[in-house]
Amino acid sequence: MTRDEIFSVVKANIQAVIEGAIGKEILETQSMRDFQADSLEIVEVVSRSMKQLGVKVPRTRLLDASNLKDLLDLFEAAAVETVAK
Amino acid sequence: MRFPVTWAMPDEVGRILREATKEPLLSAGRRDSETVLDRRAVLSLLPHRDPFLFIDRVTLLDVEQGLIAARFDLSRAPEVFAAHFPDRPVWPGVLQVEGIAQAASLLVLKRAERVDPTMVTLTHVQGARFLRPVAPGAELEILARVLDDGLLYTVVGQCLQGGEVCSVASVTILYE
């Protein structure tokens with residue numbers, strides 16, 4: 001799974017869950033907070049993305065992600081681990 | 001203004017919920033087994049305490065399939081029936097939903113690698129239907145099916161009395 005593919009899944013979920021992101025360009029440098037997401041909406045985006053990507057990242061590690069780039073880094077690493085298993 | 005899709009119930013959950021209004025999630029043979037978690041074990045896993053603990057014991061715990069069957073003796077809560085309602089005692093629907101959430105939380109905690117009862121949070125109630133009144137006097141049977149949704153766990157649960165489905169509900173739980 002490429003980083004672009006992972007980002008496509010995350011962006012689709014952001015558009016589906018966060019009203020403030022609808023119709024807007026979403027960049028890796030942005031945070032979901034930039035679209036006025038509340039904490040539960042962020043959890044929903046991450047949860048849906050993890051399920052669709054077939055990866056698991058502990059919530060404690062997700063707390064370290066300050067923007068979408070950090071989140072994609074975590075998903076990318078988890079995807080590599082999943083394939084390795 | 002568009003209504004966020006996050007408020008909509010996933011198709012799979014809606015289907016299971018509709019089916020759950022018709023018959024128990026588990027056959028009588030599967031749920032009428034011996035106690036697999038007693039009250040002490042329940043207290044060691046759930047943070048809830050009386051008068052807001054609505055699970056006495058667990059009779060089925062299938063972590064692999066995400067299924068749990070639990071019981072609550074309604075005679076433990078006479079004060080609730082006395083107040084809801086004085087002339088027509090009925091076990092409140094919100095407490096039925098709470099019981100389903102507590103049963104599902106037990107399952108989520110049992111499957112967790114690191115058990116921390118304080119990290120279980122109820123995040124959504126997608127829907128509920130109250131089909132029959134739950135009367136005082138008998139045990140309440142609580143069945144739940146837990147679907148792993150990434151960080152979240154989506155639950156379809158039922159409350160039964162005398163083998164009859166009295167309520168169904170779908171809730172979501174966050175753990176960690």
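Modeller: Two residues are in contact if their C-beta atoms, placed from the backbone, lie within 7 Å. In chain A, take contacts between residues at least 6 apart in sequence: 56% of them join residues at least 24 apart. This is a predicted model, where local features need pLDDT of at least 70, side-chain atom pairs count only at pLDDT 80 or more, and totals for chains, interfaces and linings use all residues. Residues are numbered from 1 along each chain as its sequence is written, while chains are lettered from A and ligands numbered from 1 in the order written.

Colleague: How many helices and strands does chain A have?

Modeller: Both are DSSP runs numbered from the N terminus: helices (H or I, at least four residues) and strands (E, at least two). Chain A has four helices and zero strands. Its order is α-α-α-α. The radius of gyration (over C-alpha atoms) is 12 Å, close to the 12 Å of the globule rule (2.2 Å times the number of residues to the power 0.38) for 85 residues, so chain A is as compact as a globular protein of that length.

Colleague: In what order do the strands of the chain B sheet run?

Modeller: Strands pair if DSSP finds at least two bridges between them. This open sheet of six antiparallel strands runs β1-β2-β4-β5-β6-β3. β1 (57-62) and β3 (120-130) of chain B are the edges, each pairing on one side only. β1(B) and β2 (67-73) share five bridges. There, B:Val58 stands opposite B:Ala70.

Colleague: Which strands does α5(B) touch?

Modeller: Helix α5(B) packs on the sheet and touches β1, β2, β3, β4, β5 and β6 of chain B.

Conventions
Axes are lines fitted to C-alpha atoms, for helices over the stretch in contact, and angles run from 0 to 180 degrees between N-to-C directions.
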